[in-house]
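Here is a friendly briefing on how the parts of this model pack and pair up. Take a look at the structure first, and then we can walk through the helices and the charged side chains.

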Amino acid sequence: MKILVFNGSPKKEKSDTLHITRAFLDGMTEAAHHEVQVLHVIDQHIEFCSGCLACMRNGGVCHHRDDMRFILEQILASDLLLFSFPLYGYGMPAMLKNLIDRTLPLSSLAMRKAGDRYEHVEQADFSHLKYLMICGCGFPNSTHNFEPAVAQFKLMFPGNHTIITVPESPMFNAPEAAVVTVPRLELVREAGRQYAKTGAIDGKLLARICSPMIPEETYAKIVNGQA
């Protein structure tokens, strides 16, 4: 499998969420050989979409001459797109959302009804793609935080998607938290192994991964300097 990772954190290699993503990829590569390419979105030259929609009329060619032309080629040549990002304003960081906006050349202006909604007819064949979202959050609770980002991801990629959301993710960059982060990353590795073998993650395992590592109140006190 060819895996293209979009690291949406402006902190690049120092990203809290990237610890989770690396563990997942480690599990996948333990189960089978995969070709992994990590793209730090903040390092790419990606202009903002101008909304002209010319790309949707002229065979998928955008008037911007930037890195998105190469990125779109990489997307179509991949099997799995893995979006790794921290939660910013209840959604993905701006540079990653900008990249998503610039995937318009893959679609045409024509639309069709799919279930209860309409979608654009593709100009390129990306039916083979699978989509994975790994998102970390600095708050301690799993509810009333990730829902907007999860809903957006499901709408953008209604099929073949898997979503992992992890609260308290700054602890992955704190060596003193190893007593709870190391076991959690092992669960993530197991999820990677499962995904590589079956294309899915056991629901009970996913629930454990997405739960707080320490009690919410304890985490909040530590962050507030009260512990």
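Helix axes here are lines fitted to C-alpha atoms, over the stretch in contact, and angles run from 0 to 180 degrees between N-to-C directions. Helices (H or I, at least four residues) and strands (E, at least two) are DSSP runs, numbered from the N terminus. This is a predicted model, in which local features need pLDDT of at least 70 and side-chain atom pairs count only at pLDDT 80 or more, while totals for chains, interfaces and linings use all residues. Residues are numbered from 1 along each chain as its sequence is written, and side-chain values use heavy atoms, with hydrogens and water left out.

**Helices α1 and α5**

- The axes of α1 and α5 are 7 Å apart and meet at an angle of about 45°.
- That makes α1 oblique to α5 (angles under 35 degrees count as roughly parallel, over 145 as roughly antiparallel, 65 to 115 as roughly perpendicular and the rest as oblique).
- Contact means heavy atoms within 4.5 Å, and the residues making it include His19, Phe24 and Glu30 of α1 and Leu185, Arg193 and Tyr195 of α5.

**Salt bridges**

- A salt bridge is a side-chain nitrogen of Lys or Arg within 4 Å of a carboxyl oxygen of Asp or Glu, and the count by this rule is 11.
- Glu30 pairs with Arg193 in a salt bridge, with the closest N and O atoms 2.5 Å apart.
- Because Glu30 lies in helix α1 and Arg193 in helix α5 (residues 178–198), this pair ties together parts that are 163 residues apart in sequence.
- Another salt bridge joins Arg102 to Asp66, where the closest N and O atoms are 2.7 Å apart.
- Both Arg102 and Asp66 are buried (buried means under 20% relative accessible area, exposed over 50%, partly exposed in between, with a 1.4 Å probe and protein chains only).
- Lys12 and Asp43 also form a salt bridge, at 3.3 Å from N to O.
- Lys12 is partly exposed at 31% relative accessible area, and Asp43 is partly exposed at 45%.

**Helix α4**

- Ala149, Val150 and Phe153 are buried in helix α4 (residues 147–156).
- Those residues lie on the same side of α4, because they cover an arc of only 100° around the axis (the arc is that of the directions from the helix axis to the C-beta atoms).
- The strands β3 (80–86), β6 (130–136) and β7 (161–166) are what the buried residues of α4 pack against.
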